[in-house]
Every structure is written in structure tokens, then in C-alpha cells.
Amino acid sequence: MQAGRFLVFAAHPDDADICSGGTAVRLIRAGHVVKFVSMTNGDCGHYEMSGAVLAERRRREAEASRAVAGLAEYEICDIRDGQLELTVENRSRIVRIIRNFAPDVVLTHRTCDYHVDHRTTAQLVMDAAYLIRVPLFC
């Protein structure tokens with residue numbers, strides 16, 4: 001069996017771990033390549049910590065998760081938690097990530113999720129799905 005490439009887009013550091021971590025580990029153990037992308041830096045998602053201190057903590061946690069799971073990469077975009085928007089810049093960022101990683105499968109949130117960052121991530125990925133094949137986009 002040929003190894004597949006799986007790309008998981010999530011809104012916050014730890015969303016991909018929570019929603020797809022077990023699947024990712026099983027895929028990696030079966031010889032596949034998995035990458036996680038967090039569209040925000042997670043700087044607001046804690047009851048006490050916030051800002052740059054929290055974003056750095058989330059980055060370290062993501063790196064530890066990458067190492068433990070055996071992920072090929074865990075990329076975190078520098079967008080503030082709660083401020084992810086449907087923009088051409090963000091759509092282009094996702095198109096570039098998809099083109100560079102060349103996945104066989106892309107996973108993300110559902111478009112009817114409870115959190116605005118989750119919904120926005122899903123919409124951006126869905127919008128990018130067609131544009132990755134448009135050669136003059138980006």
C-alpha cells in the first residue's frame with residue numbers, strides 16, 4: 001500500500017489534536033504522513049492566561065504533540081484567536097499550504113460549528129478546495 005498524505009486544518013492549537021489526534025496516530029503508524037495546521041495562535045483560549053504568553057505556551061504544546069504523535073509538521077498561523085476572517089489573504093494562505101504539502105486528503109471543521117473560528121476555518125478550506133487547481137490564483 002502506498003503512503004497517503006493527510007492534512008488537517010483546525011482553528012486553534014489543540015483542535016486538530018482533540019478532533020483528529022487518534023486518527024492521525026493510527027495513520028502515521030500505518031505509514032502515512034500527517035500534518036496539522038492551526039489557523040490561529042490560540043492566544044485567548046484559557047481562563048487565566050492570554051496574549052503572547054499563552055500563544056507561546058500553545059506553540060510549545062503543539063510541538064510536543066507533533067513529537068509524540070509523529071506528525072510531519074504542526075504549523076501555527078500567527079492570527080489572533082477569535083479574529084480569523086474570510087479574507088483573500090487567508091484563503092491564499094490555505095491554498096499555498098495545500099499546494100506545498102500536496103495532500104491526498106484534507107480534513108477540517110464543519111461549517112455549522114459553534115465557534116466562529118471553527119466555522120471560518122471550514123469555510124476558508126472549502127473555498128480553497130477549488131482554487132488549488134486554478135493555476136493563476138496565488
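Begin by selecting G21, where helix α1 bends by about 70°, the bend being the angle between axes fitted to the seven residues ending there and the seven starting there. This is a predicted model, in which local features need pLDDT of at least 70 and side-chain atom pairs count only at pLDDT 80 or more, while totals for chains, interfaces and linings use all residues. Residues are numbered from 1 along each chain as its sequence is written, and side-chain values use heavy atoms, with hydrogens and water left out.

Next, select residues 15–29, the whole of α1; helices (H or I, at least four residues) and strands (E, at least two) are DSSP runs, numbered from the N terminus. Colour D15, A16, S20, G21, A24, L27 and I28, which are the buried residues of α1, buried meaning under 20% relative accessible area with a 1.4 Å probe, protein chains only. Among the elements that cover them are β1, β2 (33–38), α2 (51–69) and α4. After α1 comes G31, with a positive phi near 100°.

Then turn to the largest nonpolar core, which has 17 residues, and show L7, F9, V37, M39, I94 and I98, those with the most contacts inside it. Such a core is a set of buried Ala, Val, Leu, Ile, Met, Phe, Trp, Tyr and Cys residues joined through side-chain atoms within 4.5 Å. At least two of its residues come from each of β1 (5–10), α3 (88–101) and α4 (116–131), and α3 gives the most, with five.

Finally, select A10, A16, L71 and Y74, which are included in a second, separate core of 13 residues.

Technical notes: Buried means under 20% relative accessible area, exposed over 50%, partly exposed in between (1.4 Å probe, protein chains only). The expected span of a helix is 1.5 Å times one less than its number of residues. Contact means heavy atoms within 4.5 Å.
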